[in-house]
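Please keep the sequence and the structure open while reading.

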Amino acid sequence: MSEVKEYKYIGQRSIRPDGFEKVTGRANYGSDLNLPGMIWGKILRSPHAHAKILSIDYAKAEALSGVLSIATHDDFPDLPVEAVVAGEGTANLRDLAQNLLADEKVLYHGHAILAVAAISEAIAEKAVNLVEVEYEILKPVLDIREATADDAPILHDDMFTKGLEEVPTVASNVAARTEFRKGDVEVGFADADIIIEREFYTPTVHQGYIEPHATTVSYDESGQSMVWCSTQGHFDVRASTAKLLGLSLNKLKVVASEIGGGFGGKTIVYLEPVAHILSKKSGRPVKMIMSREEVFKGSGPGSATRIWVKIGAKNDGTITAMQSNMSFEAGAFKGSPAMLGGMTIFTPYDVEHMYAECYDVVVNKPKVAAYRAPGAPQAEYAAEMVVSELAAKLDIDPIEFRLQNAAKEGTQTIYGPKMKAVGLVECLEAAKNSPHYQSALKANQGRGIAAGFWFNIGGMSSVTINMNPDGTGTIVEGSPDIGGSRASMQMMAAEATGIAMDKFKPIIADTENVAYNASTGGSRTTFATGMAVIEAGEDIVQQMKERAAAVWNVTAAQVDWIDGVAVNTAAENRLTAAEICAGVGRTGGQISGRANINARGAGPSFAVHVCDVEVDMETGKVDVIRYTAIQDAGKAIHPSYVEGQYQGGAVQGIGWALNEEYVYNEDGILQNPGFLDYRIPLASDLPMIETIIVEVPNAYHPYGVRGVGETGIIPPLAAVAYAVSDAIKAPVTDLPCSPPNVLKIIQSK
Amino acid sequence: MTKKHVSTTINGDAIEFLCDPNDTLLDVLRKELSLTGTKEGCGSGDCGACSITLDERLVCSCLVLGVEAEGKNIGTIEGVSNKDQLHVIQEKFLEHAALQCGICTPGLIVSTQALLKENSNPTEEEARYYLAGNLCRCTGYDKIIRAVLDAADVMRGAA
């Protein structure tokens, strides 16, 4: 562990610099841009879950007065089978194009087929309804078991399972098999005094951002276009759109609007390339906004899963072996986070023998997108449920049981590297000592404990800090601010330069005004873009010292930089940053600091959650009555926004555990594409979410930062579901713990 | 479709607009009048992002027709602050970090203002139920509730 440092700015609870625009309604989000001459695009979506498209006749739509352009799959050039960045994973370019506008088949209810642009939304909608599509309806597969049955309808004739020992000769809905192994689980299980195995189910869920996907695209005659959109990564929107349409990157300027939530779901393109086609064909700016129903039907849910877990332990509480076989639904195209499930499922534990097999399975549902720590909530849910059950069977306190087996510095992970210094033990200790854990439960109440692990990522970030003649500065960064990251950039710039926080204004530049930045995802922004801000700040300090040295006719080595002021160690002269900036004309021109980095050394963030529930035994309704989220931040730059990530993750996880699920009928028609029936948590559903910030510094970041955005959604699934098990005295395996599901378990006891 | 002429008052300004009979008030605010502070999250009255007041009554503007604004007094997020001075509720949302992405914030602030007009001293539970029609996916509501209760305290003290 590195020494505890004293900081002047970071660790404060400052007012976020972009807050004023956001509390007054001035901030502009995805649907807020209007351009002169702008028209409206609408998408025709499949009413079927699985069908061949025999013909599309859009003559009537095209003839409708006010319709200016139509886009179909044929508008895409021939595309190579090539991977493009899509959130925390990659997507195949051809699959992406087929997802944007279907080619020969529709693969889920809501699959986009064609788009129309017209002078009003009403006309565009009317035109969409005039399109005639002839289908040959096929039987849908809606679940992993159906998809893997011997006689299952096959979604893609050219998909053969990858990763099998024998190369398959028959097409399959299983896209890939991956495995992770350390030691030999058979040896481990032979050593165990007790073994528990169970199979778990988690349903398809949606990220549920309140802002629907939206874009405005304006193409001009020179071949240049401007794409305004709500995205977690405008550079990746540029890359995908350019690849899909065969454009060079300098033809596309992508502007990231303010973003109204993403949680991983706004890392891939749904509308932008389509709006680009419509704009080019019509010669007019085109705006497209998804309805809420379209968001549910056509944009990235998180995978449903079936996960079998087997864990063995000795009577003294030592876990001897952990094994899993997990299948993740990918939706209509391959690429679920199954592999990430395998890498994370057992990582909170230091156990000699582990084995995880992971299957990526296509079904007739929307293609999944990243969702906050993709793959980990489902996988770790299954493992944590069994760990808690083992602790209970062994009559060991569930926190003590986890402490006894906890991953720590030096632990060999199942996926390769050894753990650096991590804070799981510290989180478990904090949980054990919390007032919540020491409180007593009443009748019909239960308690669940769960741990969570997520890697976090670093990646490429580019930052320029331009100093103004009065000593203030603009932080030009390129990471869309999804939860207050501008505040942390401002604080880190101040810390690195010694110049007061309010002298810096952070802005999110478009793709033409800052060099490439990877998406805001993988909990990377405060870590990686923050690291670039610090480096750019240090660059400014160096230049300030050189300029002061030039004024004083000394060497830069003879200049100290103390709290934003240059001090001449030889003559006791002082020059403030403002004075240096005012005089740059005499010392060599303007000052700007720059950093273009590929940040390495992202530190994993562990979490431990404690959840109390009360169950109404007559109805099966579960109320969360107390909740504490404990997580290692490394160093909390802005504690309020760190707590906010813990609380927000916890509540998304609570929703996943208690209510949220896509409901399909047997034909594969989504029954609940709206917030009334897909019920995310309301204010009235919840207690306050208590938080404890643990700080075990990440040695690879100048201030010790670990990403904090994602881990918080991992523990709630098991913390809530185990608390329900504890209250009803019967095991829960399938989510959600909705009243009918819980009542069924109570009644079948 | 022949457009309808509507005379109304928005945030104290006398406003006239033309709209189709089936345009929602939300569409009119955002598209005709460029008052884009009022947000659309669902269009079906489930999320509260488009909350406004209509003659002091809190409503989802996506469930009101533009023509229903005739002769009414409309309050939107753009009218909450006073010149360059934020309203206490807005200040408390910032101070408590009660917003992350900020898309639900205008609706929540308008709803909170309506809550505190009806009940100047709400309990945590009363605040949670009053604001149950305003969905927030980022914060888990904890910091929102703290901001609302703190704003209520300050406003009572100031009143």
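A crossing of two helices is called left-handed if the near helix is turned anticlockwise from the far one by less than a right angle, and right-handed if clockwise. This is a predicted model, in which local features need pLDDT of at least 70 and side-chain atom pairs count only at pLDDT 80 or more, while totals for chains, interfaces and linings use all residues. Residues are numbered from 1 along each chain as its sequence is written, and chains are lettered from A and ligands numbered from 1 in the order in which they are written.

**Helix pairs in chain A**

Helices (H or I, at least four residues) and strands (E, at least two) are DSSP runs, numbered from the N terminus. Axes are lines fitted to C-alpha atoms, for helices over the stretch in contact, and angles run from 0 to 180 degrees between N-to-C directions. Two helix pairs are set out here.

| Helix pair | Angle | Axes |
|---|---|---|
| H7(A) (residues 234-245) and H8(A) (residues 272-282) | roughly 55° | within 9 Å |
| H19(A) (residues 639-658) and H20(A) (residues 715-728) | about 50° | 8 Å apart |

Angles under 35 degrees count as roughly parallel, over 145 as roughly antiparallel, 65 to 115 as roughly perpendicular and the rest as oblique; H19(A) is therefore oblique to H20(A), and H7(A) and H8(A) are likewise oblique to each other. The crossing of H7(A) and H8(A) is right-handed, and that of H19(A) and H20(A) is right-handed.

Residues are in contact if their C-beta atoms, placed from the backbone, lie within 7 Å.

Two strands pair if DSSP finds at least two bridges between them. An open sheet of 4 strands in chain A has the order S20-S28-S29-S30, with mixed pairing. Strand S20 (445-454) and strand S30 (689-694) of chain A stand at the edges with a single partner strand each, so one side of each is left without a neighbour in the sheet. From one strand to the next, the twist averages 15°. Strand S29 (residues 622-632) of chain A runs parallel to S30(A) and is joined to S30(A) by 6 bridges, and A:Ala629 stands opposite A:Thr691 in S30(A).

Helix H19(A) lies across S28, S29 and S30 of chain A, running at about 130° to S30(A).

Chain B has 5 helices and 5 strands, which run β-β-α-β-β-β-α-α-α-α from the N terminus on. The C-alpha trace of chain B spans about 50 × 30 × 25 Å along its principal axes.

Between the chains, 43 residues of chain A are in contact with 43 residues of chain B. Helix H19(A) gives the largest share of the side of chain A that touches chain B, 7 residues. That side of chain A has 19 nonpolar, 17 polar and 7 charged residues.

Technical notes
Contact = placed C-beta atoms within 7 Å. Nonpolar A, V, L, I, M, F, W, Y, C, P; charged D, E, K, R; others polar.
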